[in-house]
Amino acid sequence: MRSRSSPRPYRGASPHALLAVPGVLFFVFFAVAPMVLAVYLSFTTWNGLGDPKPVGLANWDKLLHDSRLTQSLTVTVLLTVTSWAFQTVVSLLLGVWAAGRQRNRAILSAIFFVPFLLSSTAIALLFYALLDPNFGIIHQDTLGSTSGAFLAIVFVGGWQFIPFHTLIYQGGARQIPEVLYQAAAIDGAGRYRQFFSITLPQLRNTATTSSVLMIVGSLTYFETVLILTQGGPGTDTAILPYLMYEAGFKSYDFGYASAIATFLVVIATALSLVLVRLTGFGAMRSTREGM
Amino acid sequence: MEPNTSNGGRTFSRRWVLGAGATTLLTTGLTACGSSDSTGDSGTVTAFTYGDDAAKVQVKAVTRFNASAAAKKAKGKIKLEKVPGTDYPAKLRTAMGSPNAPDVFFNWGGGSIKAYQEANQLVDLTDTIKSDPVLKDGFLPSVLAAGALKGKNYGIPMRGMQPVILFYNKTVFAAHKLQPPTTWAELLDLNKKLKAADITPFALGGADIWPELMWLEYLVDRIGGPGVFDKIKNGDASGWGDPAVLKAAETVKQLIDDGAFGKGFSSVSYVNGGAPAVFAKGKAAMHLMGSWEYSTQLGKFPDFAKNNLGWCAFPKYEGGAGDIRNVVGNPTNYWSVNARTGNKDAAIAFLRDCASEAYAKDLVANGDIPTTSNAEKLLDSAPNPEFAKFQYQLVQQAPAFTLSWDQAVDPDVSTPMLTEINKLFVGKSSPAQFVSALKGLK
């Protein structure tokens, strides 16, 4: 590893700042500007026609007193935690397994990766058909019951994203120096001991990366809910992004939808900052230090 | 944006910024708004239509109109844009708030155009219709009236009628020696017999919610008459407190608890073909659905549609105030005219074509029943004349045609309303809770 103080050999050839302009413009136009607009709209009432009328804090007041928001937050948190637990456990095990040298490993890994290549809409439609109580695989009212609908969303989300996280864990596991295992084997550690004392600690940063992606991803989880349950039964799976969609594009209450959107941005940002702080991810310490 | 920079640094107009914001808020699929700036210049009239299979009737109408003398006289041509179905309302809303608004656009009448009317974006067609014999006498009066807001006409009927009909499976009925119901008592009796025979009495695509709504629409009409919902539609939320609404909700609840819709109905969808399949395969004996059920079955189970599909009116509710001839559903779809249109003459000349025999013939050939007064004599050439005539007479003789509730009320009321209906059907709220939740909707 090159130390930070070493002189840069190609100082004169560093890319011109102008090269960043398209990227920055793109970011400003498609990320910053809409966000600023959303904040502005959250202080107005607007049904999409004419000009938005300022209403002060009315939308925010409504947001704070909306019983659906409390329910929605609870569902969002539950969904995030359950999805995280399910996806982390499965992709960690699969990833570590896939980093090994078993027979057929490469072929199976390739097959496991397929779901990630499909669009979430296609996946949701597929599972929607599979869950049909009359013609699907389970002859039960899965999506019509609260727990069934919730678990279906967790499962379908996992089915889609586990391959991606498996890949991350596989990469992480491959980075663990073989000598650690050899030393452990000499000391008489078995496979389980090796897993818990070497593999898991060495995958700490990988787990953080994967978890941040999962948790922030869960907050913007949307298509699956839209297609599988439409927030139902009743409002039992109406997560925050769905609530926002419903307010904006079904009720045409863009002011309120913007308030929900802004709220979501604040939560997501706060959450990722906290995660990064707590896990020491920001420091980016090398796991191989001291080797 | 150069010319604007001198204007005190006001580089972008407010409308432009909001337009840009709206388009970025929308998914990219929705951003492909009108490519031509229709308002004002050159006399070209842009028309938005719902882009499903039936749009071919509008395509033909546009070709016919553009070659006609009426188009020359009005110095205008129509440019049709077929908007993909599911996102139609959202795209229309965005377009109408932008400089690329259509001149003429497809809608469902009622609540679907109320916001546009309130924003003064619609041309009041009342006088135009009154003074024009072609438009005035061209359509069934109940259908024309259903497209009106507060007694003023804002829409010209432009598609087939879509009444909600009680369909039944003739094979199942024959096998168990049953007759289609004409009263609620008969319906409950059928329910009992079918359950004993281990057949789900009614198919229901509860996952979509709107098929559940159909039951409430008819029950409220049969129990309390069309006046109950009229009051609600006109913005009086206390109308939900009418005893007929509670009674209808209780009746529905009783049906659900009774197993009339089977166990898994809230996981079954109409749109993906679940409910039609249950019905066609004889797992369910009846299906309350819009008239499009016929073409759906014709597409998926042609033999069933041709030989074993039966239909009847929704039964009478003993002691109820509603006439058995009353109908609910979508009377039809309408064209409305944007108040900002640059060529109103051409737009109205085009709308007159919808009352023509050529237009009605195209609809009939497509399997639709036109709402024009000349339609009856064309029905013999329909793909199924018997079904076509039943539907036409059902609507023609209806003392009242209630527009589907979710289209009749404002979008900000219809969304929570559908959620409450879903809660009632899945047992998350009682009939009393249902009523009090609806009363709370503004």
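In chain B of this predicted model, strand β7 (residues 162–169) is joined to strand β9 by 5 bridges, and the two run antiparallel; strands count as paired if DSSP finds at least two bridges between them. Within this pairing, B:Ile165 stands opposite B:Met289 of β9(B). Strand β9(B) also pairs with strand β8 (residues 200–203) of chain B, here in the parallel sense and over 3 bridges, and the bridge partner of B:Thr200 in β9(B) is B:Ala284. Strands of a sheet pair through backbone hydrogen bonds, either parallel or antiparallel. Strand β9 itself covers residues 284–290 of chain B, and because 7 of its 7 residues are buried, the strand is largely enclosed by the rest of the structure. Buried here means under 20% relative accessible area, exposed means over 50%, and partly exposed lies in between, with a 1.4 Å probe and protein chains only.

Residues are numbered from 1 along each chain as its sequence is written, while chains are lettered from A and ligands numbered from 1 in the order in which they are written. As the model is predicted, local features need pLDDT of at least 70 and side-chain atom pairs count only at pLDDT 80 or more, whereas totals for chains, interfaces and linings use all residues; side-chain values use heavy atoms, with hydrogens and water left out.

Elsewhere in chain B, 5 strands form an open sheet with mixed pairing, in the order β2-β1-β3-β12-β6. Its edge strands, which each pair on one side only, are β2 (78–83) and β6 (156–157) of chain B. Strand β1 (residues 45–50) of chain B pairs with β2(B) in the parallel sense over 6 bridges, and B:Thr46 stands opposite B:Lys79 in β2(B). Strands β1(B) and β3(B) also run parallel, joined by 2 bridges, with B:Ala47 opposite B:Val104 in β3(B).

Helix α4 (residues 88–96) of chain B lies across β1, β2 and β3 (104–107) of chain B, running at about 155° to β1(B); axes are lines fitted to C-alpha atoms, for helices over the stretch in contact, and angles run from 0 to 180 degrees between N-to-C directions.

The side chains lead on to the nonpolar cores, each a set of buried Ala, Val, Leu, Ile, Met, Phe, Trp, Tyr and Cys residues joined through side-chain atoms within 4.5 Å. The largest has 93 residues, and those with the most contacts inside it are B:Trp215, B:Leu216, B:Phe261, B:Met286, B:Phe425 and B:Phe434. Helix α11 (residues 210–224) of chain B gives the most to this core, with 8 residues. Not counting residues up to four places away in sequence, B:Trp215 touches, among others, B:Trp184, B:Phe202, B:Leu255 and B:Phe425, where contact means heavy atoms within 4.5 Å. A second, separate core of 47 residues includes B:Ala61, B:Val62, B:Leu135 and B:Leu351.

B:Leu187 lies in helix α10 (residues 184–196) of chain B and counts as buried, at 0% relative accessibility. Leaving aside neighbours within four places in sequence, B:Leu187 is in contact with B:Pro181, B:Phe202, B:Leu255 and B:Pro315.

Taken as a whole, the secondary structure of chain B comes to 22 helices and 13 strands, where helices (H or I, at least four residues) and strands (E, at least two) are DSSP runs numbered from the N terminus. The C-alpha trace of chain B spans about 80 × 50 × 35 Å along its principal axes, and 57% of its 442 residues count as buried.

Chain A has 12 helices and 2 strands, and its C-alpha trace spans about 70 × 65 × 30 Å along its principal axes. Of the 291 residues of chain A, 41% count as buried, and among its contacts between residues at least 6 apart in sequence, 69% join residues at least 24 apart.
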